[in-house]
Amino acid sequence: MRVIKVFIDSTGWYALVQREHEHHEAAKEYFQQILDSRTRLYTNITEITLAISKIKQDCGLSVATDFSKLIDQSVLSTNLNVSWLTRRLHRAALKQFLSIKDFQIEIRHCLIFEEVKKKKINFIFSFDNVLKSFGIPLMPQA
């Protein structure tokens with residue numbers, strides 16, 4: 001049986017938490033499908049940090065605190081794999097970033113791509129259309 005792997009970026013996390021987000025319902029529905037199918041979940045500390053910052057700014061300190069605690073619990077229960085930036089990954093992403101002429105692409109996009117490629121992740125749970133240029137399917141389709 002093939003294991004499906006999904007990387008969740010900051011826009012995916014944010015859409016799940018922010019009830020006013022235009023894709024909140026689609027994010028909730030897709031996330032529930034992920035949980036029901038026992039898909040392996042991945043993210044990185046950069047994307048978690050960005051999500052917490054945006055959640056605190058838009059939803060308040062208590063929501064950001066609750067989200068942070070939920071992430072910690074998920075990591076401890078091994079339901080979520082959170083990676084930390086390594087020098088090797090950073091170098092690879094930076095090399096790629098500096099070779100791309102498109103100014104919409106940020107270094108974080110290259111970090112996500114390098115991690116997804118390295119771990120053979122199938123989908124990116126994201127609402128950041130810039131990631132489409134890397135050729136990895138974004139879900140949910142919004």
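Because the model is predicted, local features are reported at pLDDT of at least 70 and side-chain atom pairs at pLDDT 80 or more, whereas totals for chains, interfaces and linings use all residues. Residues are numbered from 1 along each chain as its sequence is written, and side-chain values use heavy atoms, with hydrogens and water left out.

Helices (H or I, at least four residues) and strands (E, at least two) are DSSP runs numbered from the N terminus, and two strands pair if DSSP finds at least two bridges between them. Strand S2 (residues 40–44) runs parallel to strand S1 (residues 5–8), to which 3 bridges join it, and valine 6 stands opposite leucine 41 in S2. Strand S2 is also joined by 4 bridges to strand S3 (residues 80–83), again in parallel, with tyrosine 42 opposite asparagine 81 in S3. Of the 5 residues of S2, 4 are buried, where buried means under 20% relative accessible area, exposed over 50%, and partly exposed in between (1.4 Å probe, protein chains only).

A salt bridge is taken as a side-chain nitrogen of Lys or Arg within 4 Å of a carboxyl oxygen of Asp or Glu, and the count comes to 7 salt bridges. In one of them, arginine 108 meets glutamate 47, with the closest N and O atoms 2.9 Å apart. Arginine 108 lies in helix H6 and glutamate 47 in helix H3 (residues 45–59), so this pair ties together parts that are 61 residues apart in sequence. Both arginine 108 and glutamate 47 are buried, arginine 108 because its relative accessibility is 11%. Arginine 108 also forms a salt bridge with glutamate 106, at 3.5 Å between the closest N and O atoms, and glutamate 106 is partly exposed, with a relative accessible area of 42%.

Within helix H6, glutamate 114 and lysine 117 lie 3 residues apart, about one turn of the helix, and their side chains meet in a salt bridge (3.5 Å, N to O). Glutamate 114 is buried at 10% relative accessible area, whereas lysine 117 is partly exposed at 48%. Salt bridges that share partners join Glu47, Glu106, Arg108 and Asp128 into one network.

Lysine 118 is found in helix H6 (residues 107–119) and counts as exposed because its relative accessibility is 59%.
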